[in-house]
Amino acid sequence: MKKYDTPLIDELEKGPWPSFVTEMKKAAKNNEMANDAVGHLEKCYRTKVGYWKHGGIVGVLGYGGGVIGRYSELGDEFPGVAHFHTVRLNQPSGFFYTSAALKEICDIWDKYGSGLTNVHGSTGDLVLLGTKTDALETIFAEYSSRGWDLGSSGSALRTPSCCVGPGRCEWTNYDTLDLNYALTQEFQDEIHRPMFSYKFKIKMSGCACDCVASIARADMSIIGTWKGHIEVNQDEVKNYAKNGMDINAEIVNMCPTQCISYDGKDLKINNAECSRCMHCISKMTKALKATGERGATICIGSKAPIVVGSLLSWVIVPFIKVEPPYTELKDLIRKIWEWWDDNAKPRERIGEVIEMKGMRSFLEGIGQAPIPQQIKEPRKDPFMFYTEEDMAAFKAKEAEEKKTGKYKF
Amino acid sequence: MEMAELQDKIFAFCEAAKGKKKLKEKDILIGVSTELSLEKDEVKKALREMINVGRLMYSYGGGASSVEIPSEEYLREKGMIK
């Protein structure tokens, strides 16, 4: 095996942090593809050129996604990375694996690929880095025979992902793991056979802490929330204060809606003003607890910058019950796709189409009534739409009030 | 319309667009269903079968996917021709 001199990437091994270079070098001891990837990376750093190209026709028969073709222009110099395709494996809900499952994945990958992995990629999938075209069908056969499936890529529903939810977290407002699994099963066709104008991502968080960052990374964010009050245990509040928490600085002053007060003894919350951001609950776990009906808020449209700048998701459904078989949610998703499909040009994300066509057109298209809670940013710009009929009714009401002197509210 | 005949029509539709336009799956569904006055679902079923057996294939470039007629290289790689 050729030994590459790597002074530049060696710099990335210094310092107290784990280094991907160290891990690549470990893999390179036993794998020619990983070894060439190390040499290739050093050359990229030295010449400040990427040399990678991606896309094309690689994949497994019948699937339109799950494999992303990657090729190096330096195939003659580094034959191990001439083909270096990425394979995405559909991750389990909440990223829970047994050691045996991880070993199984790695054993297969060591046999047919570079041995390098990315757990997890930004899409959520378990990403296997670097294999050759002629190994793809065999890799797919090996994984699928053991119950694994490929993830998604291209103009498709990307592999849905969710936070750990009820598996490990007491704050979750719905079963993110079950919903993630249910949507993955329901939309197999949309995941594996690219049919949209561009990618569509669904991410699920059990509460507003939003551990999968769905508000910024998913075209559709399903974020857990609740309808009731925040229950306060004043004894535990006292304990937090006794143990050194500066409640005014860390909780009261950081409440985005300023709905909390603390007089040094009791903590009070004006629940009508609370936007359920989770800050206080996550800081004072033992003292504060959400109560009442649980469900989720649906937001739409976030994305990273490509056609237009990056966007955060907008609220379109402030509260929806999230319970099996999730019929209401699945129907809503289908309506959203239909509107998007009818209005999008190639490579336009749904958030961009909403920006261009307007939220009014979108809400009409999916059959949602405009309501004040459909806001772009909490507490900043609520908006409402008035149709000509609304205006006519308003004018008639105004005229009647003027005439009779009786005002209706 | 017989499935085989419909699949030939779909193939001809893709062949006509070859080198001119990257066809999305939706373009084929709308184009062929309008041309033949068929339901989109019928066209979709026929299209999916063609993709399953490698008569058509998905391609990918710049983040967007399209449906294409496979190259000989692809068919050879999948063991469909020698």
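The accessible surface of chain A comes to about 20,200 Å², and 53% of this area belongs to carbon and sulfur atoms, with areas taken from the Shrake-Rupley method with a 1.4 Å probe. The model is a predicted one, in which local features need pLDDT of at least 70 and side-chain atom pairs count only at pLDDT 80 or more, while totals for chains, interfaces and linings use all residues. Residues are numbered from 1 along each chain as its sequence is written, chains are lettered from A and ligands numbered from 1 in the order in which they are written, and side-chain values use heavy atoms, with hydrogens and water left out.

Of the 409 residues in chain A, 49% are buried, where buried means under 20% relative accessible area, exposed over 50% and partly exposed in between, with a 1.4 Å probe and protein chains only. Chain A has 15 helices and 15 strands; these are DSSP runs numbered from the N terminus, helices being H or I of at least four residues and strands E of at least two.

The largest nonpolar core has 41 residues, and A:Phe200 and A:Trp340 are among those with the most contacts inside it. Such a core is a set of buried Ala, Val, Leu, Ile, Met, Phe, Trp, Tyr and Cys residues joined through side-chain atoms within 4.5 Å. Helix 12 of chain A gives the most to this core, with seven residues. A second, separate core of 23 residues includes A:Val237, A:Ile247, A:Cys280 and A:Met284.

Over all chains, the structure holds 10 aromatic pairs, a pair being rings of Phe, Tyr and Trp (its six-membered ring) with centres within 6.5 Å, and planes under 30 degrees apart count as stacked, over 60 as edge-to-face and the rest as tilted. Two of these pairs are set out below.

| Pair | Centre to centre | Angle between planes | Class |
|---|---|---|---|
| A:Phe196 and A:Trp340 | 5.2 Å | 50° | tilted |
| A:Phe200 and A:Trp337 | 5.8 Å | 85° | edge-to-face |

A:Phe196, in the loop between helix 7 (188-192) and strand 8, and A:Trp340, in helix 12, are 144 residues apart, so to speak of the pair is to speak of a link between distant parts of the chain. Both A:Phe196 and A:Trp340 are buried. A:Phe200 lies in the loop between helix 7 and strand 8 of chain A, and A:Trp337 in helix 12, 137 residues apart. A:Phe200 counts as buried at 0% relative accessibility, and A:Trp337 is buried with a relative accessible area of 5%. Together with A:Phe187, the residues A:Phe196, A:Phe200, A:Trp337 and A:Trp340 form one aromatic cluster.
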